[in-house]
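Work through the exercises below with the model open. Each task is followed by a solution in steps.

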Amino acid sequence: MAHKISEDCIACGTCINECPVGAISAGDIYVIDADKCTDCGTCADVCPTGAISAE
Ligand code: SF4
């Protein structure tokens with residue numbers, strides 16, 4: 001299991017500094033590395049567009 005970023009991502013960069021394991025990569029739409037993600041939920045809590053959810 002890992003969290004995932006949807007097309008609602010506006011690439012604001014808020015989540016990338018919050019991830020405790022460095023699983024998030026920047027891009028037109030940010031991406032979460034499923035192998036690193038621990039499903040802590042921190043990024044989903046800070047995303048202003050609600051683009052991040054558990055799969
Ligand atoms: Fe990082 Fe936690 Fe978000 Fe997974 S759920 S990408 S570990 S902040």
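**Exercise 1.** List the residues that H3 touches, not counting residues up to four places away in sequence, and describe the setting of H3.

*Solution.* 
Step 1. With contact taken as heavy atoms within 4.5 Å, H3 touches I32, C37, D39, G41, C43, A44, I52, S53 and A54.
Step 2. This is a predicted model, in which local features need pLDDT of at least 70, side-chain atom pairs count only at pLDDT 80 or more, and totals for chains, interfaces and linings use all residues. Residues are numbered from 1 along each chain as its sequence is written, and side-chain values use heavy atoms, with hydrogens and water left out.
Step 3. H3 belongs to strand β1, residues 3-5; strands (E, at least two residues) and helices (H or I, at least four) are DSSP runs numbered from the N terminus.
Step 4. The relative accessible area of H3 is 11%, so H3 is buried (buried is under 20%, exposed over 50%, partly exposed in between; 1.4 Å probe, protein chains only).
Step 5. The side chains of H3 and D39 are joined by a polar contact of 2.7 Å. Such a contact is a pair of N or O atoms within 3.5 Å; within protein, one must be able to donate a hydrogen and the other to accept it, and residues adjacent in sequence count only if both atoms are side-chain atoms.

**Exercise 2.** Which residues have a positive phi although they are not glycines?

*Solution.* 
Step 1. Most residues other than glycine have a negative phi.
Step 2. A11 has a positive phi of about 55°; it lies in the loop between β1 and β2 (24-25) and, at 30% relative accessibility, is partly exposed.
Step 3. D39, the polar partner of H3, has a positive phi of about 60°. D39 lies in the loop between β3 (31-32) and α1 (42-46) and is partly exposed at 27%.

**Exercise 3.** What are the contacts of I52, leaving aside its neighbours within four places in sequence?

*Solution.* 
Step 1. I52 is in contact with H3, K4, I5, C15, I32, C43, A44 and C47.
Step 2. The largest nonpolar core has 14 residues, and I52 is among those that touch the most other members, including I5 and C43. A nonpolar core is a set of buried Ala, Val, Leu, Ile, Met, Phe, Trp, Tyr and Cys residues joined through side-chain atoms within 4.5 Å.
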